[in-house]
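I opened my notebook to look up a few things in a structure that is new to me. Here it is, and my entries follow.

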Amino acid sequence: MSISIQSIPSGPFQTNAYLLMSSSDAVVVDPSPRSTPKLEALLKEQQKTLSAIWITHSHWDHTADCHALLAHHDIPVLVHRFDAENLIHPGSDGIPSWIPIKPLASATLLNDGDVLHVGNSSWIVLHTPGHSPGSICLYNAEEGILLTGDTLFKGTMGNISFPTSSPFLMGQTLQKLCSLPKATRVLPGHGPATTIGAEQSWMAVSAEQLQDKEPS
Ligand SMILES: [Zn+2]
Ligand SMILES: [Zn+2]
């Protein structure tokens with residue numbers, strides 16, 4: 001394995017921040033509220049240089065510590081283009097935050113199919129809208145690992161009742177994720193890890209039901 005992954009559940013919803021570490025550099029996925037002290041301690045202990053922040057989607061429980069990290073690291077924040085506005089203007093998606101969220105000056109915009117790197121590991125950006133318009137999953141095909149944010153959890157999917165959610169698109173997304181290899185290890189934005197194989201049966205049923213609903 002060319003990469004090691006640590007999860008750091010933090011904040012009021014125990015959002016999983018993930019630290020992806022190669023032999024040299026490291027990337028934080030979803031810097032959740034108050035995850036920074038633990039992330040910094042791991043970086044120091046493992047002697048890694050932080051090279052970027054990747055955001056699975058723009059909800060504040062996944063982005064709150066961007067500023068705390070950027071205070072000590074001059075690094076880009078990568079987010080899907082459809083969720084970027086909510087980082088630049090926090091709260092513009094109509095979801096109230098429990099803590100003050102500082103706006104980001106800029107973000108690097110992602111598209112479906114982009115390939116990101118940590119050391120020599122490759123992560124494909126899968127656009128998986130439904131929970132939010134710009135939700136992504138990050139897929140390492142070589143290692144069989146999928147970071148799913150709030151799109152897919154063990155036993156359930158992300159909330160699709162938010163103003164910017166789309167049940168129809170979540171249906172398409174679940175269908176797309178169902179086609180990944182069964183052994184794919186799913187690392188979600190909340191709660192424990194699972195696999196595509198363990199979730200596939202309910203995902204297929206939900207995919208069908210949700211796609212019956214016309215997009216509004
Ligand atoms: Zn969310
Ligand atoms: Zn969340």
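**Entry 1: a sheet.** I looked up the strand order and found an open sheet of 6 strands, E1-E2-E3-E4-E5-E6, with mixed pairing. I note that two strands count as paired if DSSP finds at least two bridges between them. Helices (H or I, at least four residues) and strands (E, at least two) are DSSP runs, numbered from the N terminus. At the edges I found E1 and strand E6 (108-110), each pairing on one side only. From one strand to the next, the twist averages 25°. For angles, I keep in mind that axes are lines fitted to C-alpha atoms, for helices over the stretch in contact, and that angles run from 0 to 180 degrees between N-to-C directions.

**Where this comes from.** The model is predicted: local features need pLDDT of at least 70, side-chain atom pairs count only at pLDDT 80 or more, and totals for chains, interfaces and linings use all residues. Residues are numbered from 1 along each chain as its sequence is written, while chains are lettered from A and ligands numbered from 1 in the order in which they are written.

**Entry 2: E4, E5 and Val77.** I followed E4 to strand E5 (residues 77-80) and found a parallel pairing over 2 bridges. Ile53 stands opposite Val77 in E5. Is Val77 buried or exposed? Val77 is buried, with 22 other C-beta atoms within 10 Å. The cut-offs are 20 or more such atoms for buried, 12 or fewer for exposed, and in between for partly exposed, with C-beta atoms placed from the backbone. Leaving aside neighbours within four places in sequence, I listed the contacts of Val77 as Ile53, Ile55, Cys66, Leu87, Leu104, Ala107 and Thr108. A contact here is two residues whose C-beta atoms, placed from the backbone, lie within 7 Å. I also noted that the C-alpha atoms of Val77 and Thr108 are separated by 5.9 Å, though these residues are 31 apart along the chain.

**Entry 3: helix H1.** Which residues of H1 (residues 36-46) are buried? I found Thr36, Leu39 and Leu43. Seen down the axis of H1, these buried residues fall within an arc of 65°, so they line one face of the helix. The arc is that of the directions from the helix axis to the C-beta atoms. A reminder to myself: an α-helix has 3.6 residues a turn, so residues three or four places apart point the same way. On the other side of H1, I found Pro37, Ala41, Lys44 and Glu45 exposed. The buried residues pack against strands E1 (4-10), E2 (15-21), E3 (25-29) and E4 (49-54), and against helix H3 (66-70). After H1 comes Gln47, with a positive phi near 55°.

**Entry 4: another sheet.** I then found an open sheet of 6 strands in the order E7-E8-E9-E10-E13-E14, again with mixed pairing. Its edge strands are E7 (115-118) and E14, each pairing on one side only. Strands of a sheet pair through backbone hydrogen bonds, either parallel or antiparallel. Strand E9 (residues 136-140) and E10 pair in the antiparallel sense over 3 bridges, and Tyr139 stands opposite Leu146. In their hairpin, which has 4 residues between the strands, Gly144 takes a positive phi near 70°.

**Entry 5: E10 and onwards.** How many residues of E10 are buried? I counted 5 of the 5, so E10 is largely enclosed by the rest of the structure. Ile145, Leu147 and Gly149 lie on one side, Leu146 and Thr148 on the other. With E13 (residues 185-188), E10 (residues 145-149) pairs in the parallel sense over 4 bridges. Leu147 has Leu187 as its bridge partner, and Gly149 stands opposite Pro188. E13 also runs antiparallel to E14 (residues 194-195), joined by 2 bridges. Val186 is partnered with Thr194 and Arg185 with Thr195. Their hairpin has 5 residues between the strands, and there Gly191 takes a positive phi near 80°.

**Entry 6: two helices.** Last, I looked up H5 (residues 167-178) and H6 (residues 196-212), which pack at an angle of about 145°, with axes 8 Å apart.
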